[in-house]
Amino acid sequence: MPFKPIPALISIAVGLIIWFVIPIPEGVSADAWHMLALFIATIVAIIGKVLPIGAIAIIAVTAVALTGVTNDTPSGAISDALSSFSSPLIWLIGIAVMISRGLIKTGLGRRIAYYFISIFGKKTVGVAYSLTAAELMIAPITPSNTARGGGIIHPIMLSIAQSFHSTPEEGTEDKIGRYLAMVNYHANPITSGMFITATAPNPLVVDLVNKATGSQIHLSWTTWAVAMFIPGMLCLILMPLVIYLVYPPEVKATPDAKTFAKDNLKQMGHVTRQEKIMLGVFALMLILWANIPALLISESLSVDATTTAFIGLTALLLTGVLTWEDVLKEKSAWDTIIWFGALIMMASYLNKLGLVGWFSDNIEHMIEFTGVGWVGAVAILTLVYLYIHYFFASTTAHITALFAAFYAVGLALGAPPMLYALILAAAGNIMMTLTHYATGTAPVIFNSGYITLGEWWSIGAIMSVVNLVVWIGAGLIWWKLLGYY
């Protein structure tokens, strides 16, 4: 991607205006404000495609280190700028991409894809619903939404698209790949919101609600699942149809797909040794990600999601399914580690430097001043809580920084504790739809190249509205029937 001077000048101008022209609000430190200037300038540069995202990330890291907004000493500043590159989430994303190469290299991914096509291949939307159903089936026992959407479902989606010769390299992503990639991603936030164990931040929400209400409100696994199941299912049913209307695939009907898939399965022959190894590693990772040994035997057998990813990659390297050359050639994985790490670092320091806390305090005062009552307060707080995620590159960081403050404001203004907990919990997952850095799954799918930045943000905004309206609308009825308010 060539350097684009005009978008570069715009991004620099935006950063300089925030840094030097706009007065620093009372209660905000100069460092926090200057970090905001760097963060927004970086986002503008990414949107304007000044350079590849990885290159922009390197520049952002350099700017944070040079300006010293996080630390007065040069060594401290560069240490802070590089701090997120030790984040397990960053490496979980990168390793998931590397592992997906094994599914493609061994042919196991194609075999699974042909099997899916042989059953659901009459229409493209049928394939989309099959991916969505697979996502839902494994969500309750997959605590990492990145592992689920990026490490398990995405390689299958890629293989299906490739079997139709729909790839970014061929310029044919609009045939079917773009649509399936969008469905692949947007199923992930919905299923994440349906079960406590479907994504890592959900247990944190349970803990924060418990502490804020003095243990009066306890969201058990069953309570959460029952409360979220009906709204979530409605969103899952609508999502592939909404995307189909907004970004329809060129290939809509595939009447010969079943014969095509069966013929290819016959040509592939019996499952090879490498496919069996890949399938075994795949199953092992799923078992460990689902925390099954800890649940069935002992808590001491619990394995971190990122450690599990490294175990999987190690097994593939030791068995020769993947070579180190394969890993080095997986450019999208290394690119993701660089740019996602930079964004998480900047978002983290916006919180550490106090800007996020200052923002939350001001929201409470403004809502109290309007006198809208708890219903209006909940509506305002939920919208702000959801859409402020444009400034976050991690749902865990977002929830850690803001959930307790927003929940406390709502309770202080009279919101029913259980109702508001469920609304914020849903919003905390719906917000993943917004950007290509919103959660760990996003950069994995975005870096596959099927969806442009503009398309990603466009469909993200649309799906955030659809999911919010359907989830909260259906939820208000369902939760009333359950007696939650």
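**Entry 1: a patch on the surface**

I started with patches, which are made of residues with over 30% relative accessible area and no salt bridge, where like charges are joined within 9 Å and nonpolar side chains (Val, Leu, Ile, Met, Phe, Trp, Tyr) within 5 Å. The model is predicted, so I note that local features need pLDDT of at least 70 and side-chain atom pairs count only at pLDDT 80 or more, while totals for chains, interfaces and linings use all residues. Residues are numbered from 1 along each chain as its sequence is written, and side-chain values use heavy atoms, with hydrogens and water left out.

I found a nonpolar surface patch made of Ile-12, Leu-16, Ile-17, Phe-20, Val-21 and Ile-22. Together they have about 580 Å² of accessible area; such areas come from the Shrake-Rupley method with a 1.4 Å probe, and for residues only the protein chains shown count as cover. I looked up Ile-12 and placed it in helix α1 (residues 5-21). Helices here are DSSP runs (H or I, at least four residues), numbered from the N terminus. Is Ile-12 buried, partly exposed or exposed? Its relative accessible area is 48%, so I wrote down partly exposed. For the record, buried means under 20% relative accessible area, exposed over 50%, and partly exposed in between (1.4 Å probe, protein chains only).

**Entry 2: salt bridges**

Next I counted salt bridges, each a side-chain nitrogen of Lys or Arg within 4 Å of a carboxyl oxygen of Asp or Glu. The count came to seven.

I looked at Arg-111 and Glu-275, whose closest N and O atoms are 2.7 Å apart in their salt bridge.

Then I turned to Arg-178. Asp-174 has its closest N and O atoms 3.6 Å apart with Arg-178, and for Glu-455 and Arg-178 the figure is 3.0 Å. Glu-455 in helix α23 and Arg-178 in helix α9 are 277 residues apart, so I noted that this pair links distant parts of the chain. Asp-174 is partly exposed at 28% relative accessibility, whereas Arg-178 counts as buried at 9%. Glu-455 is buried as well.

**Entry 3: aromatic rings**

I searched for ring pairs: rings of Phe, Tyr and Trp (its six-membered ring) pair if their centres lie within 6.5 Å, and planes under 30 degrees apart count as stacked, over 60 as edge-to-face and the rest as tilted. How many aromatic pairs does the whole structure hold? The search gave me 16.

One of them is Tyr-185 with Trp-456, a tilted pair at 4.8 Å centre to centre and 45° between the planes. Tyr-185 sits in helix α9 (residues 177-192) and Trp-456 in helix α23 (residues 453-481), 271 residues apart, and the pair links distant parts of the chain. Tyr-185 is buried at 1% relative accessible area, and Trp-456 is buried at 2%.

Trp-339 and Phe-340 make an edge-to-face pair, because their planes stand at 70°, with ring centres 5.8 Å apart. Trp-339 is buried at 1% and Phe-340 at 0%. I also noted a cluster in which ring pairs link Tyr-385, Phe-403, Phe-406, Tyr-407 and Tyr-420.

**Entry 4: charges over rings**

A charge sits over a ring if NZ of Lys or CZ of Arg is within 6 Å of the ring centre and within 35 degrees of the ring normal. I found the charged end of Lys-352 over the ring of Tyr-349, 4.7 Å from its centre. Likewise, the charged end of Lys-480 sits over the ring of Tyr-485, at 4.9 Å from the centre.

I checked Asp-80, in helix α4 (residues 74-81). Asp-80 is buried at 14% relative accessible area. Contact means heavy atoms within 4.5 Å, and Asp-80 touches Thr-70, Asn-71, Met-345 and Tyr-349, leaving out residues up to four places away in sequence. Met-346 is 266 residues from Asp-80 in sequence, yet their C-alpha atoms are 9.6 Å apart in space.

Last, I looked up Arg-148 in helix α8 (residues 145-163). Arg-148 counts as buried, at 0% relative accessibility. Its contacts, again without residues up to four places away, include Glu-135, Thr-142, Asn-188 and Ser-192.

Conventions
Helices (H or I, at least four residues) and strands (E, at least two) are DSSP runs, numbered from the N terminus.
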